[in-house]
Amino acid sequence: MAVVLFAGIPVNDYTAALSWYERLLGSPPTFFPNDTEAVWELAEHRYLYIEHRPGRAGHALHTVFVDDLDARIAGITGRGLEPSSRETYANGVRKVTYHDPDGNEIGLGGGPAPQR
């Protein structure tokens, strides 16, 4: 069975959100299905999208695991965004959390920090 994931994030100010998510994700959207949505393909058949939906914004809660968390966070910091929090769980798994201008939570997770 093929699986395609579209994870949606409602936003109040589409223009501000578009700019913020471009900085978070490091690229412009992959496509625009209409004038109120922007879609990024994070990996094959795995999409994150914002949609202008006033009154519904601020309640999204997504976590995306990435291969090289440290490199990803460094890139995001270089584009001017700082995380809201950082956590390391008992098993060494790490999560770095960002909040967009509407308060939607986007977490990036990764395995234990590399041993040096």
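Strands, in the sense used here, are DSSP runs of at least two residues, numbered from the N terminus. In this predicted model, His45 is placed in the loop between β3 and β4. The phi angle of His45 is near 65°, a positive value in a residue other than glycine.

Strand β4, which comprises residues 46–52, includes Glu51. This residue is buried yet has no salt bridge, and the nearest side chain of opposite charge, that of Arg53, is 4.2 Å away. When neighbours within four places in sequence are left aside, Glu51 is in contact with Ile9, Pro10, Val11, Thr36 and Glu37. Under the same exclusion, the contacts of Ile50 include Ile9, Val11, Thr36 and Glu37, together with Tyr14, Ala17, Leu18 and Tyr21.

Helix α1 consists of 12 residues, 14–25, and at 1.5 Å a residue it should span 16 Å, a value with which the 16 Å between its end C-alpha atoms agrees. The N-terminal end of α1 is capped by Asp13, of which a side-chain oxygen lies 3.2 Å from the backbone nitrogen of Thr15. After the helix comes Gly26, whose phi is positive and near 80°. Within α1, the buried residues are Tyr14, Ala17, Leu18, Trp20, Tyr21 and Leu24. An α-helix has 3.6 residues a turn, so residues three or four places apart point the same way.

The largest nonpolar core contains 23 residues, of which Ile9, Tyr21, Leu24, Ile50 and Tyr98 touch the most other members. Two or more residues are given to this core by each of β1 (5–11), α1, β3 (37–43), β4, α2 (69–78), β7 (94–99) and β8 (105–110). The largest share, six residues, comes from α1.

Strand β8 also holds Gly110, which counts as buried because its relative accessibility is 1%. Apart from residues up to four places away in sequence, Gly110 touches Phe65, Val66, Leu69, Val93 and Arg94. Gly110 and Gly92, which are 18 residues apart in sequence, are separated by 9.0 Å in space, C-alpha to C-alpha.

Note on methods. Residues are numbered from 1 along each chain as its sequence is written. This is a predicted model: local features need pLDDT of at least 70, side-chain atom pairs count only at pLDDT 80 or more; totals for chains, interfaces and linings use all residues. Side-chain values use heavy atoms; hydrogens and water are left out. Helices (H or I, at least four residues) and strands (E, at least two) are DSSP runs, numbered from the N terminus. Buried means under 20% relative accessible area, exposed over 50%, partly exposed in between (1.4 Å probe, protein chains only). Lys and Arg count as positive and Asp and Glu as negative; His and the chain ends are not counted. A salt bridge is a side-chain nitrogen of Lys or Arg within 4 Å of a carboxyl oxygen of Asp or Glu. Contact means heavy atoms within 4.5 Å. The expected span of a helix is 1.5 Å times one less than its number of residues. A polar contact is a pair of N or O atoms within 3.5 Å; within protein, one must be able to donate a hydrogen and the other to accept it, and residues adjacent in sequence count only if both atoms are side-chain atoms. A nonpolar core is a set of buried Ala, Val, Leu, Ile, Met, Phe, Trp, Tyr and Cys residues joined through side-chain atoms within 4.5 Å.
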